[in-house]
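Subject: Structure handover

Hi,

Here is the structure I promised to pass on. Have a look at it first, and my notes follow below.

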Amino acid sequence: MPQPPNPPGGAAGAPPPPPPSAGPGGSGRPDYKVYRSSGSLSRLRLGDRLRLRRSRGERPRRGGERRRITPGRVLKIVLALALAWIVVSAVVFVVSAQTTRGITDRAEEALSGQGNLLTGSTILVLGSDERSQRIQEQLEAMGQDPGEGGRADSILLLHVGFGSVQRLSILRDSFAEIPGYESQKINAALFLGGPPLMIRTVEGFLGNGLQIDHLIEVKFADFPDLIDALGGVDVTAENEICAEGFDGAGEGFDLAQGEHHLDGQDALTFARVRSNPCAPEEDDRDRAARQQEVLSGIRSQALSPTSFLRLPFASWEAPRAIRTDLRGPGLAALFGDLLTGGTGETTVLEPTGPPNGDGSLPISEDARAQAVDDLLGR
């Protein structure tokens, strides 16, 4: 007897499967959630993603494939390395400044310490030459520290603000009243009483409310290391120079008129020349101009691209060429202002009459007052 056919999808005699449950609202549809596509590339299937990349002109990346080197990426890497090099140089500068010998306590007490390098500060820069054995013996006989007194071969005032620098040079033979001593050439104050007396002398000489906030003692003998670290400096000789050795020692120095690139030792000699037989009409103003030429050359060389790789070495040598009451951050701020404060010329306080019998140069009170107003921007 023939058997009836099995129901679809089940075994013989098995009950039929239950009907699908009704979804919300009893529509009879399966119970599942519906998500909308966000259109994101990541939700597309692999084949769809590849086709979409090709349509956009993109080359599909393989597993482990490196990103392409583009000019933009190279520029970012170069800028990051340059920034790191500058940071390293700044750290080296601060460490060197913090570990360098400063000025004496007596000199620091003579400073007013009123200004700051952001709102405006007046700085006395004293350039001292190498001392002969004779001068050192004289200082010891007078009970002074040979490292404190000496000859002031360069007297420069800086008024430094944020990104602004004004310069005033005082000729070392200027006639001035020296407290406690007879009136004479102003550079004698450093020999007679060291930096403290020099500070008081300059403030009294210029008058007009001038106060000196900071002191920098520049040792020209230590400049060669800094200049060599920068790769030399460019200077312009206004006249031919032919000079003898200094302090009874050393070889003569000959330099043709015009532009020159000098190493550290030659730049030092260029700045120290006092008597130039090849240009006998020169005086102390020409010597001051040569010193300013060297300082300007150092500034220009420090900002040149060719010195960038030498930056950490120059950053180490710069604080060691000077003595100052400024420490790491303050000295770094000063150097920053000097580098960004423009290349304006230095004003020289010129004599207002013929030389006195001792060779000192008279300067009128009105000329000194006007120089202070110009320096402070009044």
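A bit of bookkeeping before the helices: helices (H or I, at least four residues) and strands (E, at least two) are DSSP runs, numbered from the N terminus. The expected span of a helix is 1.5 Å times one less than its number of residues.

The model is predicted, so local features need pLDDT of at least 70 and side-chain atom pairs count only at pLDDT 80 or more, while totals for chains, interfaces and linings use all residues. Residues are numbered from 1 along each chain as its sequence is written, and side-chain values use heavy atoms, with hydrogens and water left out.

**Overall**

The protein chain has 11 helices and 12 strands. Of its 378 residues, 37% are buried (under 20% relative accessible area; exposed is over 50% and partly exposed is in between, with a 1.4 Å probe and protein chains only). Taking contacts (heavy atoms within 4.5 Å) between residues at least 6 apart in sequence, 69% join residues at least 24 apart. The chain exposes about 22100 Å², and carbon and sulfur atoms supply 53% of that; the areas come from the Shrake-Rupley method with a 1.4 Å probe, and for residues only the protein chains shown count as cover.

α11 covers residues 365-376, and its 12 residues reach 17 Å from first C-alpha to last, close to the expected 16 Å. Its buried residues are R368, A371, V372 and L375. They sit on the same side of α11, because they cover an arc of only 100° around the axis (the arc is that of the directions from the helix axis to the C-beta atoms).

α5 is another story. It has 19 residues, yet its end C-alpha atoms are only 16 Å apart, short of the 27 Å that a straight helix would reach. Where does α5 bend? At G194, by about 130°, with a proline, P195, following within four residues; the bend is the angle between axes fitted to the seven residues ending there and the seven starting there. In α5, 15 of the 19 residues are buried, so the rest of the structure largely encloses this helix.

**The disulfide**

Searching the whole structure turns up one disulfide (a pair of cysteine sulfur atoms within 2.5 Å). The partners are C242 and C278, with their sulfur atoms 1.8 Å apart, and the link is right-handed, with 125° about the S-S bond. C242 lies in strand β8 (241-243) and C278 in the loop between α7 (264-272) and α8 (284-303), so the pair ties together parts 36 residues apart in sequence. C242 is buried, at 17% relative accessible area, whereas C278 is partly exposed at 35%.

**Two more residues**

S169 lies in β3 and is buried, at 5% relative accessibility. Leaving aside neighbours within four places in sequence, S169 touches I155, L156, A288, T346, T347, V348 and L349.

R299 is in α8 and counts as buried at 16%. Its C-alpha is separated by 9.9 Å from that of L230, 69 residues away along the chain.

Cheers
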